[in-house]
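This report walks through one structure, beginning with a single residue and widening to the whole chain. Please keep the sequence and the 3D view at hand while reading.

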Amino acid sequence: ALISMRQLLDHAAEHGYGVPAFNVNNLEQMRAIMEAADETDSPVIVQASAGARKYAGAPFLRHLILAAVEEFPHIPVVMHQDHGTSPAVCQRSIQLGFSSVMMDGSLKEDGKTPADYDYNVDVTQRTVEMAHACGVSVEGELGCLGSLETGMAGEEDGVGAEGKLDPDQLLTDPEEAADFVKATGVDALAIAIGTSHGAYKFTKPPTGDTLSIQRIKQIHERIPETHLVMHGSSSVPQEWLEIINEFGGKIPETYGVPVEEIVEGIRHGVRKVNVDTDLRLASTGAVRRFLAEHPAEFDPRKFLKASVAAMKDICKARYEAFGTAGNA
Ligand code: G3H
Ligand code: 13P
Ligand code: ZN
């Protein structure tokens, strides 16, 4: 059944677990997520980005998610809109039937320019008013995702700030977070702790200086009732990088957010953990390997089956590690 994000995250807080929120763009990702959830008895958050809507079209994404609900009626599913850039974008998703939306007012409507605090409060508060009237949950964001080393958001063509960010934007301030939640009434709050979107988060395994789990603890202490959200939380599995590079890929050395650091965050109020890149890496590695090993194959179902299996393994591992398993 389709449920709101608030319902699921309240349950997660009560029972002390986190929920991975996987981005969905196509049938293969949807199948991987649902089969993994089915096998581990996990509730599901699937999210559609602006890029996904551009690639697949909003109606296709909507029906992909509704098809998942139809095939797996026993699994609770949150249909979430990722990184909305304005109240109008969120309103369209609510109209389409999404049960949750993110209003990312940390950036202006162009999705690139860091916004000031008052702008963020204004657009988020307006979205909450509209969404709550429809029974839809809202995630807000305070602080900008980006590297604590370089001040850069990371992905060149993707989601995030353009240019160098100020150090004080890269770590969410606990006091400001308390004020923001009070002023907007958001159901969940995305925070900045040194992660960024995409595969290039850290040039070496992160330490407390580049990934601040400490900051999660400080925010959680100040606003213990608020469900915290970690973006840019792919772990960038080294084994998949090796497979990609072994079969013709060229991905330079890079590191993600270790699963055990996320688990530590979940002990301190993190309830939603966004993962997109890991499924992309697993899918690409599996397809590259399959085609290299089966050069005469040309039926896309064959290599896409390998893609589904690889993504499903990642989903299952996250459901188990985050404590989501057994809570559907
Ligand atoms: O928010 C970032 C997600 O990884 C989605 O990225 O816009 O390329 O689909 P995308
Ligand atoms: P990753 O790029 O680390 O998978 O993060 C995804 C994300 O935060 C989507 O909003
Ligand atoms: Zn994100």
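## A histidine in strand β3

In this predicted model, His 83 is found in strand β3.

## The annotated histidines

His 231 lies in the loop between β7 (227-230) and α10 (238-246), and with 27 C-beta neighbours inside 10 Å it counts as buried. Not counting residues up to four places away in sequence, His 231 touches His 197, along with Leu 145, Ala 190, Thr 195 and Asn 274.

## The shell around ligand 1

Ligand 1 has 11 residues around it, of which Ser 49, Gly 51, Val 159, His 197 and Asp 276 come nearest. The elements that give two or more residues to this shell are α3 (50-56) and β3 (77-84), and α3 gives the most, with three residues. By class, the shell has six polar, three nonpolar and two charged residues.

## The nonpolar core

The largest nonpolar core has 89 residues, and those with the most contacts inside it are Val 24, Ile 33, Val 46, Val 101, Leu 189 and Ile 191. Helix α13 (residues 300-321) supplies the largest share of this core, namely seven residues.

Val 24, when residues up to four places away in sequence are not counted, touches Ile 33 and Val 46, and also Gln 29, Met 30, Gln 47, Ala 48, Ala 52, Leu 61 and Leu 64.

## The chain as a whole

The secondary structure of the chain comes to 13 helices and eight strands, and 52% of its 328 residues count as buried. Among the contacts in the chain with a separation of 6 or more, 74% are accounted for by residues 24 or more positions apart.

Taken along the principal axes, the C-alpha atoms fill a box of roughly 60 × 45 × 35 Å. A compact globule of 328 residues would have a radius of gyration near 20 Å, and the 19 Å of the chain agrees with this.

Methods:
Residues numbered from 1 in each chain as written. Chains lettered and ligands numbered in written order. Predicted model: local features only at pLDDT ≥ 70, side-chain atom pairs only at ≥ 80, totals over all residues. Near = placed C-beta within 6 Å. Helix = DSSP H or I, 4+ residues; strand = E, 2+ residues; numbered from the N terminus. Nonpolar A, V, L, I, M, F, W, Y, C, P; charged D, E, K, R; others polar. Core = buried A, V, L, I, M, F, W, Y, C linked by C-beta atoms within 7 Å. Buried ≥ 20, exposed ≤ 12 C-beta atoms within 10 Å, placed from the backbone. Contact = placed C-beta atoms within 7 Å. Rg over C-alpha atoms; globule rule 2.2 N^0.38 Å.
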